[in-house]
Every structure is written in structure tokens, then in C-alpha cells.
Amino acid sequence: MPDFTNIDAMQFFDRRPHELSLYQAFARKVLAACPDTRIRVLKTQITFENRHGFAFVSLPRRKVKQPAIVVSFGLSYRVDSPRIWVASEPYPNRWTHHVLVSDEAQLDDVLMGWVKEAAAFAAAK
């Protein structure tokens, strides 16, 4: 049986091989750290979810200098780091953070720590 999630992701990143490669590396790391994760490919983002969505991959809406993906995650507090591209509080005590990732080395323990924390936060809601 075909893996439709992978086929859909390939279509999502159509003609963007670098971004597809970054996404695939991120997805492998998320699934290794959080094996109960489900992945849904939507029109504007790819959602990683357990009980709720906890991490999201999208393409930058603004022009950036090099090919990149945006990794977003939600926590109960604002992360203060130069790596956070944008942070917003859409609801009280629910912060959405966006990290611009242009190199696989940026998918490091720091970012994955935030994503694992986001997964625990989403599962506890």
C-alpha cells in the first residue's frame, strides 16, 4: 500500500528538493522522539499531532535569502532565543513559536527539545 503521507509531502514541496529534504529529516527526528505522532499534510502546512497538533512545517511566506522551511511549535510560555523567528500568543498562556530552518544542522537537540516539550504540552491539553 502506498504511503500517502509521503506522497502528499512530496507534492507539498513540489520543485523544492532542499525544503523536502529538510522536512524529511525533521519528520524522522519527530517520529523517533515521539513515535505516537500522526502526520497530516494540509494545503499550507504539515501537522504533527498526538492528541492535538504540536508541531507544524510550512514554507516561509516572506522571501528569505536561502531555501528554508518554517518549523512551528506551541508551548505554555514564550521561548526567549535568537533562533525564534517569530513568537505570538494567540490565546493566554499558549505561545506559538516559528523557527526558520535552512540547514539540517539546525534540527539539533535544542529545537527537538522544544518540539518534544510541545508534544507533551499538546498531549496534556
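**Close-up views of a sheet and its helices**

**View 1. Phe 73 stands opposite His 97 in strand 6.** This is a predicted model, in which local features need pLDDT of at least 70, side-chain atom pairs count only at pLDDT 80 or more, and totals for chains, interfaces and linings use all residues. Residues are numbered from 1 along each chain as its sequence is written, and side-chain values use heavy atoms, leaving out hydrogens and water. Strand 4 (residues 69-75) and strand 6 (residues 94-101) run antiparallel and are joined by 7 bridges. Strands here are DSSP runs of E with at least two residues, and helices are runs of H or I with at least four, numbered from the N terminus.

**View 2. An open sheet is built from 6 strands in the order 1-2-3-4-6-5, with antiparallel pairing.** Two strands pair if DSSP finds at least two bridges between them. At the edges, strand 1 (38-41) and strand 5 (84-91) each pair on one side only.

**View 3. Helix 3 (residues 109-124) lies across strand 3, strand 4, strand 5 and strand 6.** Its buried residues (under 20% relative accessible area with a 1.4 Å probe, protein chains only; exposed is over 50%, partly exposed in between) include Leu 111, Trp 114 and Ala 118. Seen down the axis of helix 3, the buried residues fall within an arc of 155°, taken from the directions from the helix axis to the C-beta atoms, so they line one face of the helix. These residues pack against helix 2, strand 3, strand 4, strand 5 and strand 6, where contact means heavy atoms within 4.5 Å. On the face turned away from the buried side, look for the exposed Asp 109 and Ala 124.

Note on methods
Axes are lines fitted to C-alpha atoms, for helices over the stretch in contact, and angles run from 0 to 180 degrees between N-to-C directions.
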